[in-house]
Amino acid sequence: MAERDQAVHRIPEVLRDAGWTVCLVGEEQSGKLAQVTAGLRRGPDPSGSGKLITSGFSYWGLESTVAWAHACNDLYYPVMRESIASFSRRWRGLSERLPDGPLHYVSLGPGTGQKDQALLRSLDSRGRCGCYIPVDVSAEMLRLAQREALQHLHVPAADVLPVQLDFSMPANLDRLGTLIRRTVGSEPVVYSLLGNTLANFDSDTQLLALLAEKLLRPQDRFLLEVAGTAGQDEAAARAAAQEYENSPRFREFVTSALLQYTDLQIDMNSLTCEGLVEDDRALKIKVIYRNRTGSELQLTLPDRSTVRFPDQDTIRLLLSRKYTRTGLEKMLVDARVTTVGETHEAGHTAFDGPAFGMTLLLLAPGDGTRPAGPNPFD
């Protein structure tokens with residue numbers, strides 16, 4: 001046992017070589033592949049509500065990770081690029097509202113790591129940086145994010161703990177919460193879910209409520225970034241979809257999952273972004289691949305089985321939303337969190353286009369009291 005302990009203690013020394021990354025794998029990866037296959041086996045539906053690649057798996061794998069990094073820097077995809085560029089400024093408006101003392105940072109879906117770097121740099125400059133724990137379903141995304149997030153920072157290797165885990169599953173959150181509490185003790189944690197990631201989930205409100213219930217203690221805070229809209233009509237929905245459709249790099253990113261999980265010959269003209277009005281809560285954007293060949297295709301899946309892909313059938317590749325102020329407030333109430341601080345950034349839009357933007361919220365566990373305030377996207 002003593003020899004084993006010595007080996008474990010030597011790991012931080014080994015990690016001073018930047019070529020190494022230690023990662024905790026929190027679930028059986030073959031099970032994730034079965035989830036992908038199940039989504040692609042769903043029945044035909046020309047509306048985009050049948051076959052799908054569920055959130056998270058769009059980023060799972062090396063090809064998808066590289067494609068996402070390229071999309072985030074695409075001049076024709078200003079939504080994500082400008083969100084990254086403005087994050088440091090928006091974060092400074094909230095950083096003074098954090099609990100006192102050292103803070104540990106848990107990043108749920110760290111993306112390219114650029115936003116994590118801005119947050120960690122601000123904590124490090126004040127001598128308040130504790131452990132950094134990025135969590136993602138994709139090991140490749142974790143490695144990319146960690147490398148970018150820690151660039152030019154002096155965070156000890158022993159304080160960095162990447163975790164490969166699907167944080168949308170309740171059982172996984174139980175295990176993650178236990179791991180974090182055993183790692184940090186009673187010291188406060190800042191959790192984050194950035195880049196409008198919450199909007200990628202069908203059950204977005206339920207996921208936020210689950211994260212708050214399973215992870216947040218009174219001393220912890222949750223940093224949530226969502227896209228917003230002032231317009232709530234068909235014209236605004238079309239404009240929201242157009243933001244995605246205009247980007248060649250984004251189109252390459254969303255189709256990379258099809259290349260990885262099927263033998264489909266990709267035709268970019270079969271990819272569409274459809275904007276819908278989701279009651280009074282959001283504009284919903286569905287990125288859909290439609291069979292426009294005029295005949296039925298057979299798709300080979302990762303387990304070598306085949307599935308019918310009839311003419312006009314669809315595969316939903318990505319789901320996103322832009323929330324109204326009313327929809328955002330109701331979601332926070334239903335998730336039983338309260339707003340501690342809030343900053344906004346106007347989005348890239350044409351002169352006569354609808355007003356879109358990004359909201360950064362610092363949340364604490366609460367009783368679901370609805371926050372007050374004007375619509376920042378008006």
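Author: Phe 201 has a relative accessibility of 14%, under the 20% limit, and so counts as buried. This is a predicted model. Phe 167 is also buried, because its relative accessibility is 7%.

The structure contains nine aromatic pairs. In one of these, the ring centres of Phe 167 and Phe 201 are 6.4 Å apart and the planes meet at 50 degrees, so the pair is classed as tilted. An angle between 30 and 60 degrees is what that class requires. Phe 167 belongs to the loop between strand 5 (163-164) and helix 7 (170-184), while Phe 201 belongs to the loop between strand 6 (189-193) and helix 8 (204-215); the pair therefore ties together parts that are 34 residues apart in sequence.

A second tilted pair is made by Phe 250 and Phe 253, whose ring centres lie 6.1 Å apart with the planes at 55 degrees. Here both partners sit in helix 10, three residues apart, or about one turn of the helix. An α-helix has 3.6 residues a turn, so residues three or four places apart point the same way. Phe 250 counts as buried because its relative accessibility is 1%, and Phe 253 is buried with a relative accessible area of 0%. The two rings also belong to one aromatic cluster, together with Tyr 59, Trp 68 and Tyr 244.

Helix 10 itself covers residues 248-261. Its 14 residues should span 20 Å at 1.5 Å a residue, and the end C-alpha atoms are 21 Å apart, so the two values agree. The helix has a bend of about 30 degrees at Thr 255. Thr 255 is also among the buried residues of helix 10, which include Arg 251, Val 254, Ser 256, Ala 257, Leu 258 and Tyr 261 as well.

Another aromatic ring has a charged neighbour: Lys 322 lies over the face of Phe 356, at 4.9 Å from the ring centre.

For the protein as a whole, the secondary structure consists of eleven helices and 14 strands. Of its 378 residues, 53% count as buried. Where contacts join residues at least 6 apart in sequence, 76% of them are between residues at least 24 apart. The exposed surface comes to about 16700 Å², with carbon and sulfur atoms supplying 52% of it.

Key. Residues numbered from 1 in each chain as written. Predicted model: local features only at pLDDT ≥ 70, side-chain atom pairs only at ≥ 80, totals over all residues. Heavy atoms only, no water. Helix = DSSP H or I, 4+ residues; strand = E, 2+ residues; numbered from the N terminus. Expected span 1.5 Å × (residues − 1). Bend = angle between axes of the 7 residues up to and from the residue. Buried < 20%, exposed > 50% of the residue type's maximum accessible area, 1.4 Å probe, protein only. Phe/Tyr/Trp six-rings, centres within 6.5 Å; stacked < 30°, edge-to-face > 60°. Lys NZ or Arg CZ within 6 Å of the ring centre and 35° of its normal. Contact = heavy atoms within 4.5 Å. Areas by Shrake-Rupley, 256 points an atom, 1.4 Å probe, with all protein chains shown as cover.
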